[in-house]
Amino acid sequence: MPRESCARRVREGVPAPVSGVLARLSRVKSTLSAAEARRIALAAQGFARPLPAVAGTRQLNLALARMATLQIDSVNVFARSHYMPLFSRLGPYDPAALDRLLFARRPPYVEYWAHVAAFIPAADWSLFRFRMEDLRAKYGTKADGWFQTHRQTVDWVRAELVDRGPLRPAQIERDAPTGARGQWWDWDDVKNALEYLFMFGEVAIAGRRGFERRYGLAADVIPADVLAAPVPRDDAIRELVRRAAAAYGVATAADLADYWRIADRPAILGAIADLTDTGELLPVTVEGWTTAGRPAKAWVHRDAALPRRGDATALLTPFDPVVWFRDRAERLFGFEYRIEIYTPAPKRRYGYYSLPLLVGDDLVGRIDLKADRAASTLRVQSAWWEHGRPTDAAARVADELRAAARWQSLEHISISRWGDAVDDLADVMPEAERHVTGPAEPVALAADEPAG
């Protein structure tokens with residue numbers, strides 16, 4: 001296919017072939033190699049497509065649709081986590097374009113506890129009604145629980161939202177009657193009331209200022225037709241399992257449950273059985289995937305694709321669906337992964353906030369990045385190789401670092417001397433400076449507004 005035609009197909013959101021033909025899994029043998037499982041999983045997450053010439057709103061929406069949800073995290077040492085998966089899949093894009101999608105007055109996406117705190121399509125709000133009801137039963141009904149013992153605060157906060165519309169917590173707190181300060185009007189009580197109402201589905205997030213949430217009544221944020229059509233629990237879980245299966249490509253029951261953090265294993269297994277009966281999920285065995293010494297039960301989505309090879313290069317946030325379930329990351333890639341933010345600096349093995357490195361169809365390393373905005377420098381605080389990296393891994397990662405610096409509007413790159421990959425990167429990046437850092441050096445979290 002001519003380059004221009006392929007680029008046009010990608011820009012228009014038409015799936016492009018990767019290294020030839022994408023085999024459909026309904027025609028694939030019932031046993032997959034570990035490499036085939038990796039390629040299926042990466043293709044399902046959008047890593048089997050060439051980078052678009054321009055990553056605009058359409059491409060952002062398509063990438064979000066493939067993931068089905070976008071996890072939120074407030075750490076901003078390099079870039080906030082919810083910006084990263086789109087960069088990993090689309091290359092440098094304008095974060096303001098994503099902000100317009102996520103934080104518009106009536107955005108097509110809203111926040112909820114989907115896979116922990118995450119963005120979901122506003123149209124999916126009712127799929128989580130069962131979770132809202134479960135959380136209310138757990139936290140909102142006990143006579144000696146916080147919600148019941150602070151009903152006066154809760155009722156006042158709710159009334160504020162009714163009278164004034166969506167508000168930031170500080171706006172509610174400042175409106176407290178004079179002389180009424182004390183336990184009732186404590187800042188934490190206002191925040192707690194809002195968070196409980198959000199968990200229970202009475203309140204939704206009506207955007208953010210900086211990174212501080214604005215809370216509004218669900219009726220002021222969620223489309224009326226969505227609120228009017230709650231989805232029964234079994235139907236909702238079945239639909240969420242279907243979406244997780246499509247987003248993962250190939251998965252175990254534990255993988256599908258973790259995608260939405262659903263702890264009801266009988267419901268998960270029931271949904272898998274229903275989807276298998278209808279032919280949407282196909283049982284499969286993956287070489288090397290075991291449970292208690294036996295082959296693990298796994299399923300592949302009928303629309304999953306198997307590229308002939310993987311050719312992606314990407315920096316992944318710790319909260320990317322490719323790696324957010326650590327058991328799956330280890331099973332898929334042999335990649336044991338823990339972030340070390342809360343590990344004392346002298347005990348860190350890899351760095352403060354290391355990002356997995358995807359090259360080809362495997363995770364070949366990890367790299368700890370920091371955006372030093374005062375010096376307009378992207379700092380590689382440490383870098384490490386894993387098993388089986390290709391011979392051109394350093395050059396490919398270097399190109400990704402250059403793209404990351406451009407995306408973050410940083411003029412320079414500096415590479416530390418900590419890690420077995422840093423000299424390899426420096427060799428292929430003659431323009432980069434060098435600096436010294438190590439496990440004992442404290443790495444400060446970037447200045448940040450409240451996470452909400």
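**Reading the pocket**

Modeller: The lining of the largest pocket divides into 13 nonpolar, 7 polar and 10 charged residues. Here Ala, Val, Leu, Ile, Met, Phe, Trp, Tyr, Cys and Pro count as nonpolar, Asp, Glu, Lys and Arg as charged, and the others, Gly among them, as polar. This is a predicted model: local features need pLDDT of at least 70, side-chain atom pairs count only at pLDDT 80 or more, and totals for chains, interfaces and linings use all residues. Residues are numbered from 1 along each chain as its sequence is written, and side-chain values use heavy atoms, with hydrogens and water left out.

Biologist: Which element gives the largest share of the lining of the largest pocket?

Modeller: H17 does, with 5 residues. Helices (H or I, at least four residues) and strands (E, at least two) are DSSP runs, numbered from the N terminus.

Biologist: Where is Ser354, and is Ser354 buried or exposed?

Modeller: Buried means under 20% relative accessible area, exposed over 50%, partly exposed in between (1.4 Å probe, protein chains only). Ser354 lies in strand E15 (residues 354-360). Its relative accessible area is 1%, so Ser354 is buried. Beyond neighbours within four places in sequence, its contacts (heavy atoms within 4.5 Å) include Pro318, Tyr337 and Arg366.

Biologist: What is the phi of Ala292?

Modeller: Positive, about 50°, although Ala292 is not a glycine. Ala292 sits in the loop between strand E10 (290-291) and strand E11 (294-295). Its relative accessibility is 79%, so Ala292 counts as exposed.
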